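Biologist: Can you walk me through this one? I'd like to start with the charged side chains.

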Amino acid sequence: MKTLRNLLLLTAVMLAGVAIAFYFRPQPIENRIALGEQLGGDFTLESVQGPLKLEDYRGKVVLFFIGYASCPDICPTALAVASQGLHNLSKEEQKEVVGIFMSVDPERDSVEKLAKYTAFFHPNFIGATANRATIDQVVKQYGAFYRMVDLEESAMGYAVDHSSKLYLINREGELAKALPHALPPKELATEIRDLL
């Protein structure tokens, strides 16, 4: 009888733990935006041209990415999709769009490296980074995440696990949407056009 009582008590504690974890789990950004949470906002990063301020791009639609240049799959996919999406726009429409790629790996990603990396995908893309405190603040502002993952038997030493969203920022500098990084380019072009 005592064993059964202990088993029931343990089960109840475990179920309560699962319920608490479920309740406090991070919400998808789309839910957070829909609930009126204020995500997004201005930031200042460093680029090869000097300080890069989001507020300097008022009047344009901004595609904002968070990642790192050594990323093996998500970042190049996101940038390639975004590039193809821009190519689905007219030349005039493309002039109204800029892409900002923020690296969360400033130890390996210099502003010069990021400038070359982003230019490979589209001339409207700018690579930038910052100190760790600024990076952490911007990641928090946009409801994103990242963490360093040790790769013991790799020459890279570590990888970075990170969010895989394309953040669409409207002409007023407000976060409008967070889209999947592998959204079909024609759909991305439609989403951008809706903000132009």
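Biologist: Which side chain does Arg132 meet in a salt bridge?

Modeller: First, a caution: this is a predicted model. In it, the side chain of Arg132 meets that of Glu107 in a salt bridge, at 2.8 Å from N to O.

Biologist: Where do those two sit in the chain?

Modeller: Arg132 is in helix α6, residues 132-141. Glu107 is in the loop between β4 and α5. The pair links distant parts of the chain, 25 residues apart.

Biologist: Is Glu107 buried or exposed?

Modeller: Glu107 counts as exposed, because its relative accessibility is 56% and the cut-off for exposed is over 50%. Arg132 has 26%, so Arg132 counts as partly exposed.

Biologist: Why would such side chains pair at all?

Modeller: Opposite charges can pair when the charged atoms of the side chains come close.

Biologist: How many salt bridges are there by this rule?

Modeller: The count is nine. Another one joins the side chains of Arg58 and Asp42, with 3.1 Å from N to O. Arg58 lies in the loop between β2 (50-53) and β3 (61-67), and Asp42 in the loop between α2 (29-34) and β1, so this pair ties together parts 16 residues apart in sequence.

Biologist: How accessible is Arg58?

Modeller: Arg58 is partly exposed, at 38% relative accessibility. Asp42 is partly exposed too, at 36%.

Biologist: And what does Lys177 meet in a salt bridge?

Modeller: Glu191, with 2.8 Å from N to O. Lys177 is in strand β9 (residues 175-180) and Glu191 in helix α7 (residues 185-195). They are 14 residues apart.

Biologist: Is Glu191 buried or exposed?

Modeller: Buried, because Glu191 has 18% relative accessibility and buried means under 20%.

Biologist: New topic. Which residues of α5 are buried?

Modeller: In α5, residues 111-121, the buried ones are Val111, Leu114, Tyr117, Thr118 and Phe121. Look down the helix axis: these residues fall within an arc of 120 degrees, so they line one face of α5.

Biologist: What about the other side of α5?

Modeller: Lys116 and Phe120 are exposed there.

Biologist: What do the buried residues of α5 pack against?

Modeller: They pack against β1 (44-47), α3 (74-87), β4 (97-103) and β5 (125-129).

Definitions and conventions:
Residues numbered from 1 in each chain as written. Predicted model: local features only at pLDDT ≥ 70, side-chain atom pairs only at ≥ 80, totals over all residues. Heavy atoms only, no water. Buried < 20%, exposed > 50% of the residue type's maximum accessible area, 1.4 Å probe, protein only. Helix = DSSP H or I, 4+ residues; strand = E, 2+ residues; numbered from the N terminus. Arc of directions from axis to C-beta. Contact = heavy atoms within 4.5 Å. Salt bridge = Lys/Arg side-chain N within 4 Å of Asp/Glu carboxyl O.
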